[in-house]
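Here's a quick briefing to read alongside the model. Grab a viewer and follow along.

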Amino acid sequence: MIRITDILDQASTYLPPTDVALIQKAYVFSAAAHAGQIRLSGEPYLSHPLEVSNILVDLRLDAATIVAGLLHDTVEDTEASVPQIIELFGPEVGAIVEGVTKISKMNFESKEQAQAENIRKMILAMADDIRVILVKLADRLHNISTLEFQKEYKQRAIAQETLGIYAPLANRLGLYRVKVQLENYGIKYLKPDVYAQISEGINRYQDQGQAYIDKVSTMIQDVLLENDIHGRVKGRIKHVYSIYHKMKQRGLTLDQIFDMIAFRVIVTNLRECYTALGLVHSLWKPVPGKFKDYISMPKANMYQSLHSTVIGPEGERIEIQIRTEEMHQLAENGVAAHWSYKEHGSKKAQEGDRFSWLRQILDWQGDLKDSRDFMSTLSMDLFQDEVYVFTPRGQVKELPEGATPVDFAYTIHTEVGNRCAGAKVNGRIVPLNTALKNGDTVEIITDASRNPSRDWLQFVKSGKARSRIKHWIGTEERTRSLALAKELLEKEGRRMGINVGKAIKNGDFDPVVKEFSFRQIDDLFSAVGHGRITARQVLRKLLPKEEQKHEERKVAGTGAAQTKPQDPDSISIKGVDGVLIRYAQCCNPLPGDPIIGYISRGLGVTVHTQDCPNVANMEIERLLDVSWGGEEESKALPARIKVVCKNQRGVLGMVSSLLAKEGINIDSGQFTSGVDGMSELDFVIEVKTTTQLYGIIEQLRKLDAVQEVTRSSAG
């Protein structure tokens with residue numbers, strides 16, 4: 001466990017004695033507040049705030065942030081209060097602690113919605129003080145580093161959230177070291193089989209790779225010295241998540257990843273950056289299209305560096321980044337490297353454009369009422385790299401990589417986006433789904449009679465464009481669904497002898513609204529218009545009790561759909577009973593996977609994994625919060641695995657025998673041989689939980705002939 005003396009010693013190297021004394025005072029308060037509390041690891045709870053504050057002091061943050069790190073759980077987990085913290089440590093610390101506190105007094109329909117709403121509130125808190133998220137990131141980093149003490153389903157949920165939100169936020173803030181650790185821990189718990197394989201591959205490559213790093217570093221160092229440039233060269237093997245991301249993005253196996261090594265050249269000034277780039281290119285041939293100048297066009301988090309990929313010694317592809325010492329500090333520590341809260345009056349001015357992306361998120365988040373929609377759109381904004389394009393007047397606009405003229409139109413103004421009829425890129429008319437490139441000049445053609453199209457959602461890349469399009473479509477669809485609902489209700493009402501108009505006027509629908517768990521009558525009617533519930537189901541509630549029972553018996557006698565779920569004990573759906581449940585074949589969800597339901601017209605509810613690629617293209621109104629109904633094992637379900645192995649005699653028998661020994665049934669399989677002496681076995685097997693699946697994957701990996709085993713989706 002880290003000691004407070006270690007934190008105080010490091011803080012004293014850059015903070016005045018009065019600030020160090022405040023940190024000591026916060027430690028005493030935190031120790032007293034958390035006295036007697038124990039973590040799942042068996043350590044005193046105080047170890048957690050100490051580790052969090054140690055991460056913050058390692059980033060050389062100010063005293064208020066470090067103090068908040070020591071106190072961040074006191075309001076949630078102890079008798080301490082925000083007013084008490086303000087009285088003892090000042091309003092600045094109190095505001096940060098309050099922003100970080102996880103307590104929520106709001107009631108939500110699901111855990112997922114509560115989680116999403118907390119993320120939304122975190123984003124809003126960042127607008128007031130960016131230090132809120134810095135403490136939150138340090139809190140998440142320590143929690144995920146001790147995740148082995150949590151149950152498996154919690155490990156996966158926390159890892160998913162970390163990779164989906166916290167790591168991208170760290171990247172946006174330029175906190176490279178924090179980002180790398182969050183990503184590596186996230187993939188370790190979310191895809192343990194992949195993590196183990198890549199880690200093993202890195203270890204095998206380590207000795208050979210280090211010799212290569214030393215060789216290339218010496219060559220770069222020598223050419224710099226020959227030209228009177230006194231820089232330093234750092235080589236490294238890329239981290240696990242970076243390799244995994246490249247494998248996933250390009251559909252490669254570990255053996256097909258050739259550029260596992262990257263180098264950083266750190267020089268004295270800006271001129272030497274470009275001189276060093278020329279010298280590197282004189283040594284090795286650059287790969288076309290693999291050069292990026294982030295010095296003249298910094299990233300949104302103000303990251304600056306020259307990136308080039310070259311064909312190095314022995315034909316190896318290597319990535320080289322060139323930057324100054326100041327740029328390097330910013331690249332490693334991001335916003336922390338530019339910390340300047342001591343000058344209170346100029347804080348906002350000093351932040352400048354560094355947080356323009358945050359202002360954009362705040363701009364569009366109010367339009368997204370559905371928490372899942374907010375989360376998916378936020379992830380889209382956080383994950384993307386940037387491209388820089390110009391308006392006809394020469395203004396630079398930053399957009400996500402792959403952005404289109406429609407995205408550009410919405411950066412100009414919402415009305416420009418809504419009325420977008422065409423676009424010119426570099427003077428030529430192009431389709432609206434054209435991907436923009438760095439340096440393009442874009443001109444939007446508008447038409448007052450044009451409106452946003454649902455098709456635009458298939459290709460837009462920015463959160464603002466997506467939220468504005470969905471808001472417009474949602475408003476239009478709601479209007480149409482309400483009109484349709486009233487027509488359906490009145491038609492059904494005439495058959496049942498109910499005057500719908502009179503019932504609305506008399507407030508007869510108010511208890512029905514509550515019974516169906518809606519907030520207002522328009523929400524109920526909208527559900528009828530969208531087909532989620534029928535007009536007869538709603539109107540039946542207006543009948544006297546005896547007539548309701550008679551109606552239910554009549555419906556049962558006609559054989560109307562009363563289908564029970566495929567496995568009633570394995571799935572629970574918020575507010576929905578007696579519906580047909582199917583498991584999606586595209587992702588084959590298993591107990592333990594985070595899941596989501598989709599209302600398929602006439603087919604009940606189809607259950608997908610939350611990260612299933614098909615979910616992104618589904619209508620948000622038809623998605624349902626679903627969960628596994630307990631941790632007990634259910635019936636066996638299909639799961640797809642891919643085994644990459646040596647093409648040798650008996651390998652199929654070895655794999656089949658191991659699966660049979662473990663009691664695993666093979667539902668189907670395919671065998672494909674490659675020209676490189678390797679084969680791919682694609683199996684659909686029957687398992688009960690993700691724990692059992694990953695256990696089988698680990699057993700298969702131990703076979704000598706097997707190179708790689710992964711869980712896969714339907715191909």
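Which residue forms a salt bridge with R701? E200 does, with the closest N and O atoms 2.9 Å apart; a salt bridge here is a side-chain nitrogen of Lys or Arg within 4 Å of a carboxyl oxygen of Asp or Glu. This is a predicted model, where local features need pLDDT of at least 70, side-chain atom pairs count only at pLDDT 80 or more, and totals for chains, interfaces and linings use all residues. Residues are numbered from 1 along each chain as its sequence is written, and side-chain values use heavy atoms, with hydrogens and water left out.

- (Helices are DSSP runs of H or I, at least four residues, and strands are runs of E, at least two, numbered from the N terminus.)
- R701 is buried at 15% relative accessible area, while E200 is partly exposed at 41%. (Buried means under 20%, exposed over 50%, partly exposed in between, with a 1.4 Å probe and protein chains only.)
- R701 also meets E698 in a salt bridge, at 3.2 Å from N to O.
- E698 and R701 both lie in α28, three residues apart, about one turn of the helix.

**Salt bridges around D62**
- The whole structure has 16 salt bridges.
- One of them joins D62 and R131, with the closest N and O atoms 2.7 Å apart.
- That pair links distant parts of the chain: D62 is in the loop between α3 and α4, and R131 is in helix α9, 69 residues away.
- D62 is buried at 10% relative accessibility, and R131 is buried at 1%.
- E92 joins D62 and R131 in a network of salt bridges.

**The sheet**
- Five strands make an open, mixed sheet, in the order β1-β2-β5-β4-β3. (Two strands pair if DSSP finds at least two bridges between them.)
- β1 (232-237) and β3 (285-293) are at the edges with a single partner strand each, so one side of each has no neighbour in the sheet.
- β4 (306-311) and β5 (317-324) pair antiparallel over six bridges, and S308 has I320 in β5 as its bridge partner.

**Helix α11**
- α11 (176-190) has 15 residues and spans 21 Å from first C-alpha to last, close to the expected 21 Å. (The expected span is 1.5 Å times one less than the number of residues.)
- Its buried residues include V178, L182, I187 and L190.
- Among the elements covering these buried residues of α11 are α9, α12 and α28. (Contact means heavy atoms within 4.5 Å.)
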